[in-house]
Amino acid sequence: MKMTESFSLALKNIASSKMRTFLTMLGIIIGITAVIVIVGLGNGMQRYMEDSFAELGTNTLSVMISGRGSSSRSVSVDDMYKIVEENHEYLDQLSPNVTMSGTVKVGTETYSATAVSGVSEDYFSMKGYTVAQGRGIQYVDVSERKHICVVGSYVADTYYGGSAVGQTIKVGANKFTIVGVLAQQADEADEGGTDDAVYVPYSTASRLSGVGTISSYTITVVNEDQSAAAKKVVENALFDVFDDSDAYAVISMSEILDMMNSMIDVMITILTVIAAISLVVGGIGIMNIMLVSVTERTREIGIRKALGAKERYIMQQFVIEAATTSSLGGVIGILLGYAMSSVATVLIVQLTGEAMTVVPTADSILVAVGVSMAIGIAFGYLPAKKAARLNPIDALHYE
C-alpha cells in the first residue's frame with residue numbers, strides 16, 4: 001500500500017467520526033496553542049525590554065560614587081574625564097549628572113513633574129537625542145556656568161506653545177534662558193515623561209544645588225560587545241583611587257539587559273514545559289482512541305491480512321492515521337495560537353497601557369508542527385503494532 005493511499009484512507013477514517021477526532025485532538029490543540037502564546041509572550045517581553053533599555057542606552061555605564069568605605073579620597077570631574085581619555089579604546093564619552101531640586105515655573109504657573117538635570121555638552125549625542133530647534137549645550141556653557149537650558153518637546157509645546165527658544169524658565173528662584181528644544185523622544189509626549197524635562201550645564205546645576213563633589217556619571221562605551229571589559233576598566237581605575245570597592249558602583253546597562261533576558265528565558269522555559277504536559281496528555285488521548293479504533297476495525301484488519309496484507313502495511317496505516325490526527329490538531333493549535341497572541345497583545349495594551357506585542361516566531365511554528373507529528377507517531381505506534389500482530393483467523397471471528 002502506497003503512502004498516499006494510506007494518507008487518503010486516514011483522512012476518510014478521521015472524517016467518518018468528526019466529533020471523536022476533534023475531542024482526540026483537543027489536548028494537542030490546547031498544548032500547541034499554549035506553547036505558541038507563551039513563546040510569543042517571551043519574545044514580546046524581550047523586545048519590550050530591549051526597546052526600554054535602548055532609551056536608557058545599552059552602550060552606557062552608570063557610575064555612582066558613594067565615598068563610603070575606609071578611604072576619605074574623592075574623584076573630581078577632571079579625574080573622571082582623565083579615566084575616559086586614558087582608556088579611549090573602551091570608553092567614548094562622559095557626562096556628569098546632577099539632579100536639580102526645585103519646582104519649574106513658567107510665568108505664574110508651577111510644574112512639579114518636570115525633571116531638571118545638569119549634564120555635559122556630550123549628553124545629547126550620548127543618548128541619541130536630536131535638537132529640533134535652537135542649539136544644544138556647548139562647552140562654553142559648561143565652563144562659564146551659564147544660566148541656559150535645553151527643554152524637551154513637551155515643555156516647549158505645553159508651556160510655550162511650540163515657541164520656547166529665547167524664552168525664560170525658572171527652576172526654584174533661578175532663571176534660565178531656553179536656547180534649544182529637543183525632538184520628541186517618546187511615542188507620546190506626556191507629563192512627567194522623557195520629553196517633560198529641562199537640561200542645564202552640570203557645572204551650573206552643581207553650583208546652584210550646592211553640590212561639592214559630583215557623584216553620578218554616565219559613560220558610553222566604544223563597542224557594546226565590550227561593555228564588560230569597559231566596566232572592568234572603570235572599576236579598576238576607581239579602585240586605584242579609593243582602594244575600596246564599597247566607595248563606588250559601576251552598572252552596565254548591557255549586562256542588566258542580558259540578565260533580564262536570561263531571567264525571561266528561564267521563566268518562559270518553565271512555562272513551556274508546563275504547557276507541554278498537555279501535549280503528552282493529548283498523545284495519551286490519541287493512543288487511547290487508536291486502541292479503540294483497532295478494536296472496532298478488528299474484522300477489517302482480519303480481512304486485509306487474509307487477502308495478503310503484510311504487517312508493515314497494517315502498522316503503516318494506523319501510524320499514519322495517528323500522525324495525521326495529531327498534525328491536524330497541531331495546525332488548528334497554530335492558527336488558534338496566532339489568534340490568541342493577537343488577543344493577548346490587545347489585552348496587554350488595554351490593561352497596562354504598554355505597547356508590548358506578543359510575537360510568535362517561525363521557529364516555534366516549525367517546532368510545534370514537528371512535535372505534533374512526533375507525538376502522533378510515538379503514541380500511535382503501540383496501537384499500530386497491536387493491529388499488525390492480530391491473528392487473521394481470530395480477527396475474522398471477532399464480533
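Entry 1: What percentage of the chain over residues 266-292 is helix, and how far apart are the end C-alpha atoms? I found 100% helix and 0% strand over residues 266-292, with the end C-alpha atoms 40 Å apart. The model is predicted, so to speak of local features I need pLDDT of at least 70, and side-chain atom pairs count only at pLDDT 80 or more, while totals for chains, interfaces and linings use all residues. Residues are numbered from 1 along each chain as its sequence is written, and side-chain values use heavy atoms, with hydrogens and water left out.

I then looked up residues 358-382, where the chain is 84% helix and 0% strand. Their end C-alpha atoms are 38 Å apart. Helices (H or I, at least four residues) and strands (E, at least two) are DSSP runs, numbered from the N terminus.

**Entry 2: the record.** The unreviewed UniProt entry carries the annotation "transmembrane region" for residues 21-42, 266-292, 313-338 and 358-382. I note that UniProt positions are in the numbering used here, that feature names are shortened, and that annotations may be inferred rather than shown by experiment.

**Entry 3: a surface patch.** I found a nonpolar patch on the surface, formed by V266, M267, I270, L271, I274, I277 and V281. Together they have about 610 Å² of accessible area, by the Shrake-Rupley method with a 1.4 Å probe, where for residues only the protein chains shown count as cover. Patch residues have over 30% relative accessible area and no salt bridge; like charges are joined within 9 Å, and nonpolar side chains (Val, Leu, Ile, Met, Phe, Trp, Tyr) within 5 Å.

I picked out V281, which is in helix α9 (residues 253-296). V281 is exposed, at 51% relative accessible area. Buried means under 20%, exposed over 50%, and partly exposed in between (1.4 Å probe, protein chains only).

**Entry 4: a buried residue.** I32 lies in helix α2 and is buried, at 1% relative accessible area. I32 and L279 are 247 residues apart in sequence, but their C-alpha atoms are 7.3 Å apart in space.

**Entry 5: salt bridges.** How many salt bridges does a search of the whole structure find? I got two, counting a side-chain nitrogen of Lys or Arg within 4 Å of a carboxyl oxygen of Asp or Glu. One of these joins the side chains of D141 and R135 at 2.7 Å, N to O. D141 is buried, with a relative accessible area of 0%, whereas R135 is partly exposed at 26%. E144 and K146 also meet through their side chains, at 4.0 Å, N to O. K146 is partly exposed, at 31% relative accessible area.

**Entry 6: positive phi.** I looked up two residues other than glycine with positive phi. R145 has phi near 50° and lies in the loop between α5 (139-143) and β7 (148-151). R145 is partly exposed, at 40% relative accessibility. D243 has phi of about 55° and lies in the loop between α8 (227-242) and β12 (248-252). D243 is exposed, with a relative accessible area of 54%.
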